[in-house]
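Good morning, and thank you for the time on today's agenda. I shall present one structure, and I ask you to keep it in view while I speak.

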Amino acid sequence: MNKILLIIKREYFSRVKKKSFIVMTFLTPLLIAGIYGLIGYFTYTGIKDTHDKIGVVSANKTLTTKLTSSKNVDYKYLNQSLDDAKLALAKEDYDYILYLPEFTLNEPKGIELFGKKQAGLSINRRISDDLEEIIRNQKLQESGISQGDLDKLKTNVDIETKKITADTGKEESSSAGASTIIAFIAGVLMFMFIMLYGIQVMRGVIEEKTSRIIEVMISSVKPFQLMMGKIIGIALVGLTQFVLWIVLTFTISTVVATVFIDKEDVKKVANTATAKNELATGTDAVSTAQGPLADIQKSLAGLEVGKIVTVFIFFFLGGYLFYSALYAAIGSAVDSETETQQFMMPVMMPLLLGYALSLSVVTNDPYGDIAFWISMIPFTSPIAMVVRLPYGVPAWELALSMAILVAGFVLTVWVASRIYRVGILMYGKKTTFKEMFKWFTYKN
Amino acid sequence: MLSVKNIIKEYAKHRALDDVSIEIERGKIFGLLGPNGAGKTSLIRIITQITAPDSGEVIFNGQRLNSDHISQIGYLPEERGLYKKMEIGEQVLYLSKLKGLNTADATKRIKFWFEKLEMADWWNKKVEDLSKGMQQKVQFVATVLHQPELIILDEPFSGFDPVNADIIKNEILDLNKQGATFIFSTHRMESVEELCDSIALINKSKKILDGSVDEIKASYRNNTYWIAYEGDFDLNAKADIFSVLQHEVAKGVNQVKITLQPGKSANNVLEALLPYVNIHRLDEVIPTMNDIFIDKVKGKHHE
């Protein structure tokens, strides 16, 4: 036992002290926070001033003065001919010239947009949306509906999703959007962690084998001790990284959030938007500004972050042990990393499949049959379960899945250790699955 | 101190060790000889408890070999290796702690050995920055640091330059004087004659010869002598004492290889020759371990 501890220590500290580990650990949360900050920054500035200025040349009486500026587009009617406006475009501070020819409302044709640069899809879309709305309103008015009635028609629907848990019958406020985001993040993280750290175990085994220290080592310790020491040591490295990421991301995000998106600013933007524009677009702007933040905050409270993190750690450890034992067996069977390909495939496939299914099928239907089964089978359960978790999983399913996973890794560790103890002493032969099976059956 | 009794070890298709027994006495240097693939490494791996035999047993100091004995055995494998990215001092410390030493003792001993082998300033170097010979030295230190009673060296001199090989040889003899028993696996016969007290020769999974080096060599004596002399003498006149195998004359000196007749000794030859010639030398032709090795191994092939 003491020897395993020594091995764990070496495996742990030799990795944690590495520059690449330190850089990865501290840079990743900065990156995440950076992206978070950027998103915040863009939602904030997007409302304020990323709009295009459009000079409108209208030969159409019905549409003159009808186009009104909104948060992203400024319309300015020009009293020029189209040719003059085109010539002046280079000097003027607007970006596009919109030409509205004479047409009947039923057949709007010949509308043209000239720009200093190629007009993008979004500006195109926006203008056509604006025009369509004006034309529709115009038509409605022609058929006798007043402007007042039209304004009354505008409604804003916001669905608040709530979930009733079977256990307590309690209503929990949640957001389908936030659940999906968290499910995605958890799924991707789980996949990454299992892959990265599983492969580290394999590399470590190959390193010991190719550097030939293995024989010295196992004249002092049992192969099982060496394998488990390595696996546990690297698991602790993974945990350290995970915990540091959470703590750092949280800290940095909070700092970034307070610096970039303080509430004063959001309010101010909302107010100016309301003042400047029609009421409808104004409220729109406010809800987009507050929407994601409020949503995430609200649903984080409903999601029990503590539970998610705990379950994540459990499934990370379980899934990692399950897979890293297999990776250790692969590492022991080859002489170099280039030979690992043929064995990696069958180990990678279920993990990839679990990843793909979890992020597509499970996020769409977190309570379906496929979701249930892949969150039970230990090959896929670590990813599938953490993806399902934010949507709510019955306690018995969670417990069953955990129990199966524990049984699963006990089995893989046992199988792997039997292959490992023979494999690490084999050199210079190309190993086949048949041979690995033979090693497994060796007595001692 | 170590008895290997009727060990049989089989791998998938072939038998690596077939009923091998050897006896190693305390304080001796024991040579384990044999061509490549004979089964030496398999036997060593059983003694170091890396693998277990299919049948037979190993007795260490009167006890059946078990994991308590790991700390009393030091093993330097033929294929040597260290963790490339780890610092030397830390690495030797780690290996010796795995053998059961505590940090303080181990540190003290590592410093002692590093001083002794002129590698004191290597402590913080990484293995990948060392030459192959330097790595060998580090590994030798790691092997003997925990003062094992039994030290197993597999081709210990490969990779050393003559100067360092000599240093290591002296360390081996020194440790041996202090009471350590050695098993010395090699196919370099000159080092066997220099160092080993007794040997076992393994070929094709079977032990084909064992005993003390002197006895083995003695048993391979076949009453053949080289004799050199000046003067005229009819060698065939003494056919009752010896027969001539070879006769050359160079610069007036006769070089003759003879075989004694049964019951005759070198003295009889001298008695016969002394009155007539001027004798320069008389040497018994003793087979080297190399000759015995080749003879035994080749002989096996011819069967």
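Leaving aside its neighbours within four places in sequence, with which residues is Glu155(B) in contact? Before I reply, please note that we are looking at a predicted model. The partners of Glu155(B) are Glu78(B), Arg80(B), Ser185(B), Thr186(B) and His187(B). Glu155(B) itself sits in the loop that runs between β7 (150-154) and α5 (162-177) of chain B. Is Glu155(B) buried or exposed? Residues count as buried when their relative accessible area is under 20%. Glu155(B) has 6% relative accessibility, and therefore it counts as buried.

Let me now turn to chain B as a whole. Chain B contains nine helices and 14 strands. Of its 303 residues, 49% are buried. A compact globule of 303 residues would have a radius of gyration near 19 Å, whereas the value for chain B is 24 Å. Taken along the principal axes, the C-alpha atoms of chain B fill a box of roughly 75 × 45 × 30 Å. Among the contacts in chain B with a separation of 6 or more, 68% are between residues 24 or more positions apart. The accessible surface of chain B is about 14,500 Å², and carbon and sulfur atoms account for 46% of that area.

Two loop residues of chain B deserve a word on backbone geometry. Most residues other than glycine have a negative phi. Ser205(B) is not a glycine, yet it has a positive phi of about 75°. Ser205(B) is placed in the loop between β9 (198-203) and β10 (206-212), and at 12% relative accessibility it counts as buried. Asn223(B), also a residue other than glycine, has a positive phi near 55°. Asn223(B) belongs to the loop between α7 (213-219) and β11, and with a relative accessible area of 34% it is partly exposed.

Finally, I come to chain A. Chain A has 16 helices and six strands, and 46% of its 444 residues count as buried. Chain A exposes about 23,200 Å², with 65% of this supplied by carbon and sulfur atoms. Of the contacts in chain A between residues at least 6 apart in sequence, 71% join residues at least 24 apart.

Glu397(A) is found in helix α15, residues 395-423, and it is buried, with a relative accessible area of 9%. Not counting residues up to four places away in sequence, which residues does Glu397(A) touch? The residues are Phe372(A), Met376(A), Met385(A) and Arg388(A). Phe372(A) lies 25 residues from Glu397(A) along the chain, and the C-alpha atoms of the two are separated by 8.3 Å.

Thank you for your attention.

Methods. Residues are numbered from 1 along each chain as its sequence is written. Chains are lettered from A and ligands numbered from 1 in the order in which they are written. This is a predicted model: local features need pLDDT of at least 70, side-chain atom pairs count only at pLDDT 80 or more; totals for chains, interfaces and linings use all residues. Side-chain values use heavy atoms; hydrogens and water are left out. Helices (H or I, at least four residues) and strands (E, at least two) are DSSP runs, numbered from the N terminus. Buried means under 20% relative accessible area, exposed over 50%, partly exposed in between (1.4 Å probe, protein chains only). Contact means heavy atoms within 4.5 Å. The radius of gyration is taken over C-alpha atoms; the globule rule is 2.2 Å times the number of residues to the power 0.38. Accessible areas come from the Shrake-Rupley method with a 1.4 Å probe; for residues, only the protein chains shown count as cover.
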